[in-house]
Amino acid sequence: MLKMTHLSKVYRTEVVETYALRDFNIDVKEGEFVAVTGPSGSGKTTFLTIAGLLETFTGGHYHLDGIEVSQLNDNARSKIRNEKIGFIFQAFNLIPDLNVYDNVEVPLRYRGMKAAERKQRIMDALERVGLASRAKHYPAELSGGQQQRVAIARALAGSPRLLLADEPTGNLDTQMARGVMELLEEIHREGATIVMVTHDPELAARAQRNVHIIDGQVVDLSEEPRFHAHNARVADA
Amino acid sequence: MQIKPILAALKRHKAGTVLIALQIALTLAIVCNALIIIRQRTEHLSRPTGMIETDLLTVANRWVGVDEKATPSLGKTDLEALRGMPGVVDATYANSYPLRGGGWSTSVNITPEKKKEMAHTTLYFSDDHALATMGLKLVGGRNFRPDEIDWVDPKAFDTTPVVIVSKALADKLYPDGSALGKVLYHSGATKPSTIIGIVERLQVPWTGTWAGNFAENAILIPRLLTGNFGSYLVRTQPGQLERLTKAAPALLFKTNRMRVIPDERGVRTFAQVREQAYKSDRGMAVLMGVVCAVLLAITAAGIVGLTSFWVGQRRKQIGVRRALGATRHDILSYFLTENLLIGAGGVIVGAVLAIGMNLWLVSHFEMERLSLLYVAAGVVALLLLGQGAVLAPAMKASRVPPVEATRSV
């Protein structure tokens, strides 16, 4: 599903070159739930932004769902982000001017989906996260946990091949964090491939596999997955 | 299309949205009405007098210390001297001429008993040289004969057996086109004047809106007015105008020194007459043009400012949209559509305001009715201006990278 080989990301200024990722290798199989951990500044978020095609990389190879992405232009990258990847951000990143329904609808509109299908998917996704009754609410009217659930619904609505979560519980209290984590586990059990960046070792331990990053390199990989992944898309579940 | 979510988002930014829409509305209302004023004024500026205006010189003459009864013989001497000058084609004497700013106006009718006037007209008192000197085009009938010309005291003037009229007046009096040979009654006279000639066009001396409804109604009377005031019109050969501007008044002083030719507006080419007559119209047109340009610039700047502010404010949101699959084109079209929706709201209100403002101006200032074409053109122009103004900030927004979604504010 996600394979990076000898990948590097260099930030250059006039006087200094900084390697955010160096000779980075990772292979995430379809249906895996991988937790990516590491200290601050280790390159976790850089990995996630490159994995999510939010940023380009400097060298190496990256295959996403069998596609070598380094040669893709901006439009093609947008299309892949829209169709194959679902994002869950630490700060939820809901659009404050739009209500819950319209927020979940955003990626579906960019896909050019018809209104009836959009509506069906949005309501299914909101039902899935238990927020169908809040469809007309604005993000500011929801708790942090509910906002993150909306963000998850937004990520799920497009039936992505890969869910990328950046500290999904980082802004939540323990109880809400537990709820969100349980939701992610449930989504994974239904067949989704999830890559989650986290600081929290307790959360990381609940993932199927842990990847540790230090100084832009993968230093520790769990050898064996704790359970087998399902070869199915999230929406197929 | 993203219209529904854009409208939903705009509802949550009411202040900026309403202010820009109002600015667009006011600009449309003012620009539409200003354009009407500009058109009216430029129509004025380009209205033909009916004369051949090139190579035409005017000299204002005032006799001083001269018995009024002597003015006919003095006038004849002047005219003979002017007509004898090298470079002069012809010359005439008249109480007034088109665009002069002052003259006679009166009512005219086709029957003596009819109380209600059929038309208003100006009277030009001149001689058989008037047509040639002024360069008027006779489209029917004949010119005055020398034996029909006489001098008359303006206080004793009643009427003349024959007159020449402008076509506009002829058509007004006799709409079936049969004016030639028919009669008219002017200035309340009981004796008729027979129309012996019709000139294609002859404008009145005034350019103000009050004379707008009889701007081309003129009667040429075959009489020269005695008295101290009058104007000589001199048609020159091509290339002689500048020389005669100095030579003609010099000759008149040489003929008789008992006169004043004012320094200001005393000797003028007809180009100068036209320029001075329409100075206020030109000034008003320029002023309205500047007002339009400034308003449009302010509106464009307002749109640029607000959109730039919104782009800055929504940088993260744009990044999120990009992360969720929006292409650069999607972001560009989002801001263009948003601006179009605000603009559409503005122009709808503006069109109503423009028409309302025009109705008020029509009722209070004799302004022309606003054509819906002007409103439509204004609507299109303002929407295009809005789209043009929003383009740069929208393009800047489209360049926000998707990774912006992961950055903390």
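**A walk through chains A and B**

Let's start with chain B, whose domain assignment gives domain 1 (3–45 + 280–406) and domain 2 (65–257); such bounds come from an automatic or database domain assignment. The centres of domain 1 and domain 2 of chain B, taken over C-alpha atoms, are separated by 53 Å.

A quick word on ground rules: this is a predicted model, in which local features need pLDDT of at least 70 and side-chain atom pairs count only at pLDDT 80 or more, while totals for chains, interfaces and linings use all residues. Residues are numbered from 1 along each chain as its sequence is written, and chains are lettered from A and ligands numbered from 1 in the order in which they are written.

Now over to chain A, which has seven helices and 10 strands (DSSP runs numbered from the N terminus: H or I of at least four residues for helices, E of at least two for strands). Its radius of gyration is 17 Å, close to the 18 Å that the globule rule gives for 237 residues, so chain A is as compact as a globular protein of that length; the radius is taken over C-alpha atoms, and the rule is 2.2 Å times the number of residues to the power 0.38. Along the principal axes, the C-alpha atoms of chain A fill a box of roughly 50 × 40 × 35 Å. Of the 237 residues in chain A, 50% are buried, meaning that 20 or more other C-beta atoms, placed from the backbone, lie within 10 Å of the residue's own.

Next, look for an open sheet in chain A: four strands in the order E2-E1-E4-E5, with antiparallel pairing. Two strands count as paired if DSSP finds at least two bridges between them. At the edges sit strand E2 (17–28) and strand E5 (67–68) of chain A, each pairing on one side only. Strand E1 (residues 2–12) of chain A and E2(A) share eight bridges, and A:Tyr11 has A:Thr18 in E2(A) as its bridge partner. Lying across E1, E2 and strand E4 (59–64) of chain A is H1(A), at about 65 degrees to E2(A) (axes are lines fitted to C-alpha atoms, for helices over the stretch in contact, with angles from 0 to 180 degrees between N-to-C directions).

Finally, the two chains meet: 25 residues of chain A are in contact with 20 residues of chain B, contact being C-beta atoms, placed from the backbone, within 7 Å. Helix H1 (44–51), helix H2 (74–84) and helix H3 (100–110) of chain A each supply at least two residues of that side of chain A. H2(A) gives the largest share, six residues.

Definitions and conventions:
Buried ≥ 20, exposed ≤ 12 C-beta atoms within 10 Å, placed from the backbone.
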